[in-house]
Amino acid sequence: MAAEQVQTFSDANFSQQVLQASSPVLVDFWAEWCAPCKRLGPTVDALAAEYQGKVVVGKMNVDENPSTPEKYAIRGIPTLLLFKGGEVVESVVGLQQKDDLKKILDRHV
Amino acid sequence: MSDSRQLVIIGSGPAGLTAALYTARANLNPLLIEGLEAGGQLMLTTLVENFPGFRDGIMGPDLMGEMRAQAERFGAEIRQGDVTAVDLRKEPFRIVMGSEEIRTRTLIIATGASARLIGLPAERALMGHGVSTCATCDGYFFKGQEIAVVGGGDSAMEEATFLTRFASKVHLVHRRGDLRASKIMQERALANDKIVWRLNNVIDEIRDPAQGQVSSILLRNVVDGERTEVPLSGVFVAIGHRPNTSLFTDQLEMDAHGYILTHDGSRTSVPGVFACGDVQDRVYRQAITAAGSGCMAAIDCERYLEALAQGLPEAVPIEN
């Protein structure tokens with residue numbers, strides 16, 4: 001269910017859907033070969049459902065979209081970046097508890 | 001909210017999942033709690049070639065997926081969440097997960113071990129920004145770049161070899177002149193001409209936290225004291241693991257390194273509490289030995305509960 005609220009970001013749509021968005025956007029950088037990313041996936045799905053209408057939540061596959069991770073100097077995944085008005089306002093690397101992520105999101109909604 | 005159980009297993013690596021498989025088949029209705037690092041260290045590896053039964057090897061995460069499914073097939077209940085506190089001073093034992101509390105007659109500890117860090121301030125500051133403990137997760141971001149792997153054991157050899165797929169050059173930094181790694185892993189790494197050997201060297205400094213990225217490492221040769229600065233963009237730390245036992249400090253007997261001490265198989269200093277896998281093993285630390293000790297803990301636990309039911313001496317509850 002929750003997965004329906006999760007956007008799929010790409011190098012092509014990143015500028016429009018993330019940088020120019022009117023609400024905060026949480027981007028989950030992940031890859032198929034990254035076990036911790038898969039572990040974090042359901043948490044991100046749950047956040048998408050809980051913050052519907054307040055925060056746009058989406059995932060970006062780093063294999064398919066190399067430019068954006070490079071632009072933001074991503075050196076490890078999972079990495080979550082929170083964008084507001086086109087700028088990175090929060091950056092979290094590695095597996096996280098849902099409650100800790102909620103605290104971070106709550107600072108910006 | 002309180003939940004009452006016969007058996008709780010903390011940890012979901014090979015030890016915890018094997019204990020869950022055996023105790024589920026013995027109808028002990030185990031509840032297994034898997035934390036943030038679910039699946040354990042094998043989730044961060046690639047091909048596992050030394051787990052018997054898989055002649056062509058099996059990917060670490062796939063092996064853990066199989067073990068988990070097998071335990072669930074026989075009725076093990078698996079719950080996600082981090083245990084925040086335990087109280088082993090009296091029975092039933094108390095397991096706290098945030099606002100939730102579980103009471104249990106027996107406990108199997110399989111919390112494993114986590115990657116050890118060098119201990120440099122810059123290491124933490126740059127974690128995820130060039131410093132990593134997971135080659136399979138982060139190697140991809142270092143295509144065509146120079147990186148360092150720190151360590152002299154099997155994991156360091158495996159990571160260095162794996163990382164040559166991406167990196168232009170891998171500096172293998174080890175504080176001794178000889179390697180601890182197994183022969184086959186050493187030979188593979190030694191045959192790889194992308195690996196530059198920096199033996200007898202330690203990292204004194206990782207630069208540059210102010211820039212928020214790794215720009216170089218400062219090496220010091222422990223034999224002649226010579227210092228070398230190596231420009232590179234990533235540092236992978238593979239210098240071993242430390243047991244995850246902080247939950248049990250002052251409640252269970254441990255050795256000087258924080259490993260839980262076991263006797264007569266998997267029994268700890270508290271009757272009814274058993275330990276298996278890397279949390280109590282500073283010698284072997286293999287997936288197969290972890291699984292084997294998980295089986296031992298399951299059988300010890302089963303016998304303990306049987307003795308308890310029959311009022312036998314082993315079952316005398318702890319007086320407090």
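Biologist: How many disulfides does a search of the whole structure find?

Modeller: A disulfide is a pair of cysteine sulfur atoms within 2.5 Å. The search over all chains finds two disulfides. This is a predicted model, in which local features need pLDDT of at least 70, side-chain atom pairs count only at pLDDT 80 or more, and totals for chains, interfaces and linings use all residues. Residues are numbered from 1 along each chain as its sequence is written, chains are lettered from A and ligands numbered from 1 in the order in which they are written, and side-chain values use heavy atoms, with hydrogens and water left out.

Biologist: How far apart are the sulfur atoms of A:C34 and A:C37?

Modeller: They lie 2.2 Å apart, as a disulfide. The link is right-handed, with 80 degrees about the S-S bond.

Biologist: Is A:C34 buried or exposed?

Modeller: Buried means under 20% relative accessible area, exposed over 50%, and partly exposed in between (1.4 Å probe, protein chains only). A:C34 is buried at 0%, and A:C37 is buried at 3%.

Biologist: Which residue does a disulfide join to B:C134?

Modeller: B:C137, with 2.1 Å from S to S. This link is right-handed, with 70 degrees about the S-S bond. B:C134 is buried at 6%, and B:C137 is buried at 3%.
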